[in-house]
Amino acid sequence: MSFLRNYISTVYNSVRSLLIGMRRTGYYFTHHKEIITQNYPENRDQLNLPERFKGEVVMPHNDNNEHRCTGCTACELACPNGTIKIITKFDISPEGKKKKAIDTFIYHLELCTMCNLCIQACPTDAIKMAQTFEHSVYDRSEFIKTLNKPDSKLMEGVE
Amino acid sequence: MLTTLTELTIVGILILTLFAVLGLVLVFMERKVSAYMQIRLGPNRVGYKGIAQTLADTIKLVVKEGLTPNGADKFLFNLAPFIVMFGAMLLMAPIPFARNSQIWDLNIGVLYITAVSSISVIGILMAGWSSNNKYSLLGAMRSGAQIVSYELSAGLAIISIVVLTGSLKISEIIASQETGWWIFRGHIPVLISFVIFIIAVTAETNRAPFDMAEAESELTAGFHTEYSGMRFALFFLAEYVNIFIVCAIGATLFLGGWMPFHIGNWAGFNHLMDFIPSSIWFFGKTFFLIFVIMWFRWTFPRLRIDQLLNLEWKYLLPIGMFNLLLMTIIAIMGWYF
């Protein structure tokens with residue numbers, strides 16, 4: 001008899017769980033108000049991107065064309081697939097001391113997987129993830145970007 | 001002679017038109033239903049709210065190149081989609097679309113349906129075998145195992161209605177539901193056979209959660225992996241036409257076909273219901289069942305092939321047999337309404 005009881009309870013439980021699933025999707029079907037997708041090209045101006053969305057690595061500059069990158073290459077070391085290449089130089093300060101600074105911050109967008117490891121590795125918060133995502137270009141070389149602006153300097157007080 | 005020929009031509013053209021319209025409507029309906037169930041919008045670009053989307057897809061499929069692989073058995077490869085379509089077309093014959101509008105009311109209609117619906121498996125096996133592709137062959141073999149096993153359950157479910165009606169003729173089965181549809185009159189046994197029928201036909205039409213033959217995730221596209229262009233479109237169309245046919249059969253047997261909703265001998269109420277045209281009743285019921293089958297597809301997780309055969313041989317078939325026995329007792333004792 002226990003076999004029969006098991007059999008019937010299996011049938012009962014499976015039918016019950018399937019009906020629960022159908023009730024869920026039926027609820028979604030009849031309550032068609034909340035839409036999780038977006039009408040993309042039309043709502044380009046009021047896009048509703050989640051906070052965690054990562055589009056590309058950028059280096060913010062302030063109004064005086066200053067950035068926070070000290071050229072420590074921590075991000076370059078943290079990157080798993082060689083997306084970042086930093087060329088450093090030595091600035092001579094007015095006191096005659098040599099100081100390490102970045103010459104070019106090269107970022108290969110085509111290699112980047114948006115893993116966020118470089119942002120976590122950066123000790124001075126010099127780079128961050130932007131939410132732009134319309135990256136398509138006509139030539140592959142346009143993916144290789146220089147993140148520091150021309151003639152930009154290190155911000156005062158950032159070590 | 002000439003009149004018969006003209007009639008045949010008209011009927012043929014009507015059936016082909018119905019196929020084309022069904023393909024367009026059902027594919028669009030499937031995409032919209034799935035979108036609504038997944039809180040999406042679905043196709044909404046081509047035409048008003050996307051209604052011309054499937055038309056655009058059809059044009060795309062027609063102008064695409066129909067590739068035949070080098071190692072394929074060319075004759076069988078080209079024949080297979082047409083066999084599948086023929087199976088679907090033959091099944092159209094005994095389906096009553098409205099009062100007095102049935103192509104062929106043969107006296108063994110139900111037997112004809114169960115017999116002819118097995119033809120499509122030949123087309124599927126043919127497609128899988130001739131493609132010279134391991135995915136196609138595996139998909140076709142699975143599909144064969146699946147259709148052959150699930151036909152038993154579908155057959156038993158259909159027989160339980162035949163037991164109640166005492167006739168295999170479709171028009172008589174519908175006439176017997178004059179005082180109420182079998183699903184209301186036949187108590188729990190008819191309800192159980194209805195559920196078994198719906199599950200079995202979902203499996204027979206190779207739809208998710210029983211999409212072993214196609215199995216996008218493991219077999220790329222199963223038996224139609226190598227097909228492209230119009231021949232692929234034929235398989236695609238046959239799938240949707242088959243859904244329509246099995247739902248029409250289910251509606252005819254369990255929900256009274258074109259018979260309006262009647263309750264016993266409430267003459268006034270029955271008369272009121274008769275004002276709604278019978279074709280609307282038929283298509284309404286059929287599309288309701290199609291919706292249910294789509295609901296299944298977008299709710300349930302897929303089964304593995306062994307779970308699939310377990311479900312049939314350990315659950316559906318024994319329950320169906322026991323249910324048929326119960327049905328027979330009820331029919332003999334006259335314990336239905």
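**Close-up views of chain B in a predicted model**

**View 1. Buried residues of α1(B).** In this predicted model, the residues of α1(B) that are buried are B:G23, B:L26, B:F28, B:E30, B:K32, B:A35 and B:M37. These buried residues of α1(B) pack against α1 (2–30) of chain A and, within chain B itself, against α2, α11 (229–254) and α13 (278–297).

**View 2. The course of α1(B) and the residue that follows.** With 36 residues, α1(B) reaches 51 Å from its first C-alpha to its last, which is close to the 52 Å expected at 1.5 Å a residue. Just after α1(B), the residue B:I39 takes a positive phi of about 55 degrees.

**View 3. The two domains of chain B and the contact between them.** Chain B is divided into domain 1, covering 1–63, and domain 2, covering 76–333, and the centres of these two domains, taken over C-alpha atoms, are separated by 20 Å. In the contact between them, 15 residues of domain 1 of chain B meet 16 residues of domain 2 of chain B. On the side of domain 1 that touches domain 2, α1 (2–37) and α2 (53–63) of chain B each supply at least two residues, and α1(B) gives the most, with eleven residues. The residues of this side of domain 1 divide into ten nonpolar, four polar and one charged.

**View 4. The contact between chain B and chain A.** Here ten residues of chain B are in contact with 13 residues of chain A. On the chain B side of this contact, the residues divide into eight nonpolar, one polar and one charged.

How values were computed. Residues numbered from 1 in each chain as written. Chains lettered and ligands numbered in written order. Predicted model: local features only at pLDDT ≥ 70, side-chain atom pairs only at ≥ 80, totals over all residues. Contact = placed C-beta atoms within 7 Å. Nonpolar A, V, L, I, M, F, W, Y, C, P; charged D, E, K, R; others polar. Domains from an automatic or database assignment. Helix = DSSP H or I, 4+ residues; strand = E, 2+ residues; numbered from the N terminus. Expected span 1.5 Å × (residues − 1). Buried ≥ 20, exposed ≤ 12 C-beta atoms within 10 Å, placed from the backbone.
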